[in-house]
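Thanks for coming, everyone. Let me put the structure up, and then we will walk through the interface, the cores and a few strands.

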Amino acid sequence: MSGETTEPYSAGGASVHPWPGKAGPVHTRESPSSANGSLARNPGMPLDLGWLEAMRHVNRSALERRAATLTKRRSIKKDHQAAWLLRAIAVMDLTTLSSDDTQERVRRLCAKARDPLRADLVVGLNIEEADIRPAAVCVYQPFVATAVKALKGTDIHVAAVSTAFPHGLAPLETRISEIEASVADGADEIDVVIPRGLVLGAQWERLYDEITRFREACGKAHLKVILGTGDLSTLRNVTLASMVAMMAGADFIKTSTGKESVNATLPVGLAMVRTIRAYHERTGIHIGFKPAGGISTAKTALEWLILMREELGRRWLEPDLFRFGASSLLTDIERQLEHHLTGRYSAAHRHAMA
Amino acid sequence: MNILERYAAMDYGPAPESRAEADAWLKSHNFSKALFIGGEWRSAASGATFSVVEPATGKPLADVSDAGAEDIGAAVKAARKALPAWQKASGYERARILYAIGRAMQRHARLFAVLESIDNGKPIRESRDIDVPLAARHFIHHAGWAQTLEKAYPGYEAAGVAGQIIPWNFPLLMLAWKIAPALATGCTVVLKPAEFTPLTAILFAEICGRAGVPKGVVNIVQGGGETGAAIVEHPDIDKIAFTGSSDVGKIIRSATAGTGKKLSLELGGKSAFMVFEDADLDSAVEGLVDGIWFNQGQVCCAGSRLLVQESVAETFIAKVKARMGHLRLGDPLDKNTDIGPLIAPSQLERVESMIAEGARQGAECWQPASDLPQEGYFHLPTLATDVSPANILAQEEVFGPVLATMTFRTQEEGIALANNTRYGLAASVWSENVNRTLHVAPQLKAGVIWINGTNMFDASAGFGGYRESGFGREGGHEGLYEYLKKPEKKAAYKSLPMPEADSEAGGSGVIDRTPKLFISGKQTRPDGNYALAVTDPKGKVLGEVGAGNRKDIRNAVSSARASKWAQATAYNRAQVLYYFGENLSVRAEEFAGRLASLTGAKPKAAQAEVELSIERLFAAAGMADKYEGRVHQPPMRTVTLALNDPVGVMGVVAPDEAPLLALITMLAPALAMGNAVVAVPSQRYPLIATDLYQVIETSDLPAGSVNIVTGDSAELGAVLAKHDDVDGLWCIGEAELSATVERESAGNLKRVWTNAGRAVDWTGNDKLVDDFLRRAVEIKNVWIPYGD
């Protein structure tokens with residue numbers, strides 16, 4: 001199968017690059033709280049360089065202006081805000097990606113994911129029946145098995161960062177075997193990074209090939225493709241890389257590893273959700289979006305939810321189409337919810353740490 | 001609805017801005033004493049009031065004193081009284097006060113914003129994030145101008161008492177645009193807010209007192225159209241500044257004709273929003289939202305004509321419709337409101353009837369299925385497609401949330417459609433190709449061009465229109481001129497009568513040449529085929545010239561319009577003008593002789609006039625590539641270029657005094673800046689101009705760049721003033737002629753400069769060329785936000 005190659009294809013003047021992967025069985029999952037029905041998984045498509053060319057028109061100033069005013073045009077107060085913050089929990093990939101992670105640390109994170117809110121808050125908000133929890137726990141490969149075990153009996157997914165996170169600069173086969181190891185350990189979501197050099201060098205065929213290999217290695221596990229937008233220099237590169245990732249079969253596109261000097265920003269998010277809209281308009285396929293890195297306050301979380309609501313609509317606020325990658329966000333949301341209930345400002349130490 | 005239901009729905013819910021402070025402010029005021037005159041609050045002399053209504057609810061807000069002519073008289077008197085001391089105050093003193101006003105507005109920003117939204121109906125997001133910060137910025141920016149005024153504008157002084165009339169769409173911001181430059185230059189003001197929206201001006205007046213504005217420097221009078229008319233007609237006002245409709249602007253142009261009042265008009269528009277196939281379409285859609293649905297479309301520079309390239313039209317329209325579906329109409333004080341109510345029932349009716357008429361004329365009018373509030377004067381955003389250029393929605397300013405769409409095939413066609421309008425306020429150009437945008441922007445006939453953006457404003461950049469969108473600029477270096485003047489001679493201009501031809505003085509035998517008109521580069525017989533005798537002071541006939549008539553003017557204007565002169569490079573224009581001077585120099589003796597025999601001047605004086613004329617040609621030639629634009633620095637990532645654009649086709653009516661020098665002093669700067677000229681030379685001494693066309697013929701001036709029509713100056717000046725394809729007119733003559741051309745210019749609001757019936761010092765003033773250079777250009781601000 002041609003997907004074995006790691007060399008860039010020579011396009012030979014054709015604008016359409018053959019899709020080396022084969023469409024896997026369409027894998028669908030019920031989203032935990034979606035009343036909107038499940039969606040067909042992205043089967044990918046041949047690399048369409050012509051379409052890529054047509055997506056080049058990205059005006060940074062205009063995107064920045066839109067992003068800057070977007071959050072000023074919408075405001076969410078009181079009960080609505082509490083509901084939106086609960087939504088932020090439900091679309092959260094509760095994450096630990098530190099060099100000093102241990103099995104015990106991951107178990108603690110999973111415990112927090114199982115019980116994200118203090119019991120009195122759950123009662124106070126009258127949401128006992130809803131079972132609102134983070135959508136996934138996100139860890140490095142060595143902790144996948146621990147997380148799977150700790151979350152058994154819940155519908156919380158286990159996501160593993162893979163492919164030589166955070167830089168993606170290991171041999172392709174090494175990266176692929178890392179995915180396979182995580183899938184074998186029970187991860188059902190795989191967050192891969194791309195080598196940013198392929199974008200900066202406009203090696204779209206090679207990028208496409210690598211991502212299709214990742215997707216193949218994922219099997220039934222869902223593929224989130226991290227672009228490392230802080231390294232990509234322009235919003236045009238962000239747009240083009242997003243398009244290639246979707247064509248190659250990404251289920252989600254994701255902004256950052258959290259390790260770049262610039263994390264998820266709203267203009268970057270805007271550029272990416274516009275590509276998701278374009279892909280949906282042309283193919284009918286829904287692609288998910290995951291901003292990650294630096295999203296640590298309830299206020300920031302609301303801004304991202306507003307971005308999704310405005311640009312892609314209500315359907316994209318479900319965990320099968322939207323996630324936050326976050327570690328400390330949950331505590332801030334808890335504090336805000338306590339304030340909502342009591343009118344008193346809370347402190348971090350009053351809430352169980354992850 | 002409980003939290004879980006909200007969790008499922010994920011709606012925004014209400015997010016109201018508190019109106020408690022604003023309501024308390026409203027309650028604490030007696031608005032029947034709302035005239036701020038000489039630092040005191042007064043009732044109208046008549047005791048009359050008018051009712052102000054909240055557009056979102058239709059409920060009354062206040063009964064406000066209605067100023068009549070007597071009150072305007074008192075306000076003008078107060079302003080006049082305050083003028084000398086305010087003018088004499090140092091720039092630094094005025095700067096301190098302007099700064100204090102700006103800071104006070106910032107301190108009370110939220111009260112201003114809430115009050116504005118209550119009074120006008122604009123969404124709180126706009127008043128809070130746009131109107132009020134820009135207004136405060138205007139005062140702080142102009143504080144600097146006050147302090148540097150003498151250095152930046154040498155030889156100028158304050159225009160005097162300014163009468164200012166502002167509209168209801170941006171009540172506080174328009175107030176700032178009017179008052180800040182006036183105070184910076186040392187003018188005192190009488191300002192009338194619109195009767196729909198007087199409230200923030202009243203709050204502003206309170207702040208003036210606290211910021212140390214001397215009594216009488218700022219006077220605020222409330223009232224409607226009659227109050228405005230009383231300001232316009234008041235004899236002791238030196239300067240009128242008006243923002244509003246083109247219809248009223250024309251009335252004011254006529255009403256002030258011949259009064260010597262300075263005038264600036266910022267009027268309506270039908271601004272083009274051009275989307276090329278290589279644009280960032282999603283961003284252009286957002287630009288459009290800010291272009292036509294900002295302030296409910298009640299914006300003079302609203303991007304109300306969408307011109308989209310055919311190849312992307314279908315895609316783009318689909319995106320626009322999808323986006324329109326997300327616009328939220330509702331309570332202006334709700335932070336989630338995108339579109340508030342229109343200002344008044346009359347405006348709602350106007351918008352509805354124009355849409356109906358547009359549809360009747362073939363437009364397809366589409367509206368999203370959005371919720372429409374039950375009370376208040378709300379109107380759904382509307383997209384009109386299948387709009388022909390003749391459709392009312394493409395021709396007339398709607399001043400509402402209505403977008404008219406047309407498509408174009410090529411860049412040239414797009415530009416032609418964009419310019420196919422009587423207006424010329426603003427335009428947006430969307431394309432990711434910087435080569436294209438910088439090629440298109442200079443070709444658009446509009447005072448403000450936004451590249452990949454829309455409705456960007458700043459105190460540092462001039463705002464104002466071409467054509468019937470008015471004249472003058474507000475903001476920036478260019479805006480200060482509207483409140484400055486140069487001290488003028490008081491002596492009246494007198495045209496010289498032609499002495500009766502005296503057959504006994506001889507001379508009929510010396511007519512050896514047949515001077516004609518000079519049109520389109522050719523010597524042309526006058527249409528009427530009559531001739532006028534030209535005599536020397538003693539009545540001796542020196543020659544005969546053609547008696548030009550309105551058809552000759554018509555032909556001359558056509559030829560000027562067709563001229564390619566504006567496209568010549570500045571260096572090329574410089575060289576041609578130098579050559580013109582050089583050729584005149586070769587024949588200097590002949591011209592001096594002609595002048596002496598025509599005017600009876602002493603040979604030395606005649607020689608001096610010729611020499612100075614040549615010097616002026618050289619001066620203008622030298623400035624052709626040096627009278628440059630500016631780069632403004634608004635507080636955002638953009639380059640804002642203030643370009644000097646030629647006014648276009650210019651009429652020049654020259655005086656009898658210094659007949660060669662005056663003509664050349666006006667002609668040369670006009671040409672240097674790229675204007676094509678139709679000149680009416682001195683009626684008494686036209687032979688000097690008919691001699692001159694021989695020099696022009698040998699000076700490489702392209703056909704149509706200079707046309708000379710001899711004849712009755714008053715008659716021909718009036719014809720030029722009435723010609724709607726003439727963009728500018730400089731006319732020297734007696735007071736009656738000044739008044740006539742100013743009045744007649746109202747037809748197309750051409751830029752007119754007259755001597756207001758006063759004599760002009762053509763020889764002693766070495767700044768004359770600079771003054772005419774400034775009048776020879778229209779300043780176009782091109783905003784180029786950047787970043788990749």
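Start with the interface. This is a predicted model, and in it 32 residues of chain A are in contact with 32 residues of chain B. Which helices of chain A each supply at least two residues to the side that touches chain B? They are H2 (60-73), H3 (78-90) and H12 (298-311). By class, that side of chain A has 13 nonpolar, seven polar and 12 charged residues.

Now the cores. The largest nonpolar core has 255 residues. The residues with the most contacts inside it are B:Ile449, B:Leu577, B:Leu667, B:Val677 and B:Ala679. Take B:Leu667. Leaving aside its neighbours within four places in sequence, B:Leu667 is in contact with B:Val652, B:Val677, B:Ala679 and B:Val706. Another core lies apart from the largest one and has 114 residues. Among them are A:Ala62, A:Cys138, A:Trp316 and A:Leu321.

Next, chain B and its strand S15, residues 402-408. Why is S15 of chain B described as largely enclosed by the rest of the structure? Because seven of its seven residues are buried. Look at the two faces. B:Val402, B:Ala404, B:Met406 and B:Phe408 point one way from S15(B). B:Leu403, B:Thr405 and B:Thr407 point the other way, and all of these are buried.

What does S15(B) pair with? Strand S12 of chain B, residues 305-309, pairs with S15(B) in the parallel sense over five bridges. There, B:Leu307 stands opposite B:Met406. Strand S14 of chain B, residues 382-385, also pairs with S15(B) in the parallel sense, over three bridges. Here B:Thr382 stands opposite B:Val402.

On to strand S9 of chain B, residues 239-243. Five of its five residues are buried, so S9(B) is largely enclosed by the rest of the structure. Both faces are covered. B:Lys239, B:Ala241 and B:Thr243 sit on one side, B:Ile240 and B:Phe242 on the other. Note the lysine in that list: B:Lys239 is buried too.

Strand S6 of chain B, residues 161-165, pairs with S9(B) in the parallel sense over four bridges, and B:Gly163 is the bridge partner of B:Ile240. Five bridges join S9(B) to strand S10 of chain B, residues 262-266, again running parallel. In that pairing B:Ile240 stands opposite B:Leu263. How does the chain get from S9(B) to S10(B)? It crosses through helix H10 of chain B, residues 246-256, and this β-α-β crossover is right-handed.

Last, the sheet in chain A. It is an open sheet of eight strands, with parallel pairing. The order is S9-S8-S7-S6-S5-S4-S3-S10. Strands S9 (288-290) and S10 (324-326) of chain A stand at the edges, each with a single partner strand, so one side of each has no neighbour in the sheet. The twist averages 25 degrees from one strand to the next.

Inside that sheet, three bridges join S3 of chain A, residues 92-95, to S4 of chain A, residues 136-140, running parallel. A:Thr95 stands opposite A:Cys138 in S4(A), and A:Cys138 is one of the residues of the 114-residue core. Helix H4 of chain A, residues 103-114, lies across S3 and S4 of chain A. H4 runs at about 170 degrees to S4(A).

Terms used:
Residues are numbered from 1 along each chain as its sequence is written. Chains are lettered from A and ligands numbered from 1 in the order in which they are written. This is a predicted model: local features need pLDDT of at least 70, side-chain atom pairs count only at pLDDT 80 or more; totals for chains, interfaces and linings use all residues. Two residues are in contact if their C-beta atoms, placed from the backbone, lie within 7 Å. Ala, Val, Leu, Ile, Met, Phe, Trp, Tyr, Cys and Pro count as nonpolar, Asp, Glu, Lys and Arg as charged, and the others, Gly among them, as polar. A nonpolar core is a set of buried Ala, Val, Leu, Ile, Met, Phe, Trp, Tyr and Cys residues joined through C-beta atoms within 7 Å. A residue is buried if 20 or more other C-beta atoms lie within 10 Å of its own, exposed if 12 or fewer, and partly exposed in between; C-beta atoms are placed from the backbone. Two strands pair if DSSP finds at least two bridges between them. A crossover is right-handed if, with the strands pointing away from the viewer, the path from the first strand over the helix to the second runs clockwise. Axes are lines fitted to C-alpha atoms, for helices over the stretch in contact, and angles run from 0 to 180 degrees between N-to-C directions.
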